[in-house]
Amino acid sequence: MDEPVLQTSDDLMALQEIIYKTKPEVIIELGICWGGSILFYEHMSKVVAIKKIIGVDIYIPKDLEKRIYKKVDKKRVTLIRGLTTEKKVVDQIKKLTKKYKNFLIHL
């Protein structure tokens with residue numbers, strides 16, 4: 001989807017299987033790097049009913065954010081800048097996910 005992904009093809013195949021078998025409502029990726037895996041999850045949401053995809057990173061370049069948001073459903077995908085241990089980030093994730101029960105968290 002025209003963005004680099006840090007995971008190997010074996011990692012992506014394993015993630016695909018895990019997502020298909022567990023059918024998470026929410027995927028949270030801690031550390032999005034170049035954004036390719038967020039796009040991968042968005043693509044998977046067309047196969048499995050993923051309701052929310054959240055990417056958290058301390059550094060998300062503005063141009064990357066723009067490119068990602070052009071390629072995804074903005075209602076489903078949220079990018080958060082900050083440390084995963086910061087209270088404001090944790091509170092934002094809690095707010096976005098309070099109505100869901102089944103999660104996949106990718107560290």
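This report describes the overall fold of a predicted protein model, and then its helices and several individual residues.

## Basis of the model

The model is predicted: local features need pLDDT of at least 70, side-chain atom pairs count only at pLDDT 80 or more, and totals for chains, interfaces and linings use all residues. Residues are numbered from 1 along each chain as its sequence is written, and side-chain values use heavy atoms, with hydrogens and water left out.

## Overall architecture

The protein contains four helices and four strands. Helices (H or I, at least four residues) and strands (E, at least two) are DSSP runs, numbered from the N terminus. Read from the N terminus, the order of the elements is α-β-α-β-α-β-α-β. The radius of gyration is 13 Å, close to the 13 Å that the globule rule gives for 107 residues, so the protein is as compact as a globular protein of that length. The radius is taken over C-alpha atoms, and the globule rule is 2.2 Å times the number of residues to the power 0.38.

Along its principal axes, the C-alpha trace spans about 30 × 30 × 20 Å. Of the 107 residues, 44% count as buried. Buried means under 20% relative accessible area, exposed means over 50%, and partly exposed lies in between (1.4 Å probe, protein chains only). A contact means heavy atoms within 4.5 Å. Among contacts in the protein with a separation of 6 or more, 73% involve residues 24 or more positions apart.

## Helices H1 and H2

Two packed helices are described by the angle between their axes and the distance between the axes. For helix H1 (residues 9-22) and helix H2 (residues 36-44), the axes come within 11 Å and cross at roughly 35 degrees. The axes are lines fitted to C-alpha atoms, for helices over the stretch in contact, and angles run from 0 to 180 degrees between N-to-C directions. The crossing of H1 and H2 is right-handed; that is, the near helix is turned clockwise from the far one by less than a right angle. On the H1 side, the contact is made by Leu12, Leu15, Gln16 and Ile19, and on the H2 side by Phe40, Tyr41 and Met44. By class, this contact has six nonpolar residues, one polar residue and no charged residues. In this scheme Ala, Val, Leu, Ile, Met, Phe, Trp, Tyr, Cys and Pro count as nonpolar, Asp, Glu, Lys and Arg as charged, and the others, Gly among them, as polar.

Helix H2 is largely enclosed by the rest of the structure, because eight of its nine residues are buried. These are Gly36, Ser37, Ile38, Leu39, Phe40, Tyr41, Glu42 and Met44. The cover over them includes H1, E1, strand E2 (52-57), helix H3 (62-71), strand E3 (77-81) and strand E4 (103-106).

Glu42 lies in helix H2 and counts as buried, at 3% relative accessibility. Its side chain makes a polar contact of 3.4 Å with the side chain of Lys46, and another of 3.2 Å joins the side chains of Glu42 and Arg76. A polar contact is a pair of N or O atoms within 3.5 Å; within protein, one must be able to donate a hydrogen and the other to accept it, and residues adjacent in sequence count only if both atoms are side-chain atoms. Leaving aside neighbours within four places in sequence, Glu42 is in contact with Ile53, Val72, Asp73, Arg76 and Val77.

Gln7 is found in the segment before H1 and counts as buried, at 16% relative accessibility. Apart from its neighbours within four places in sequence, Gln7 is in contact with Leu12, Glu29, Ser37 and His106. The C-alpha atoms of Gln7 and Gly36 are 8.9 Å apart, although 29 residues separate them along the chain.

Asp63 is found in helix H3 and counts as partly exposed, at 45% relative accessibility. Its side chain makes a polar contact of 3.0 Å with the side chain of Arg67. The C-alpha atoms of Asp63 and Lys21, 42 residues apart along the chain, are separated by 34 Å.

## Two loop residues with positive phi

Most residues other than glycine have a negative phi. Lys23, in the loop between H1 and strand E1 (26-30), has a positive phi near 45 degrees. Lys23 is partly exposed, with a relative accessible area of 43%.

Cys33, in the loop between E1 and H2, has a positive phi of about 55 degrees although it is not a glycine. Cys33 is partly exposed, with a relative accessible area of 28%.
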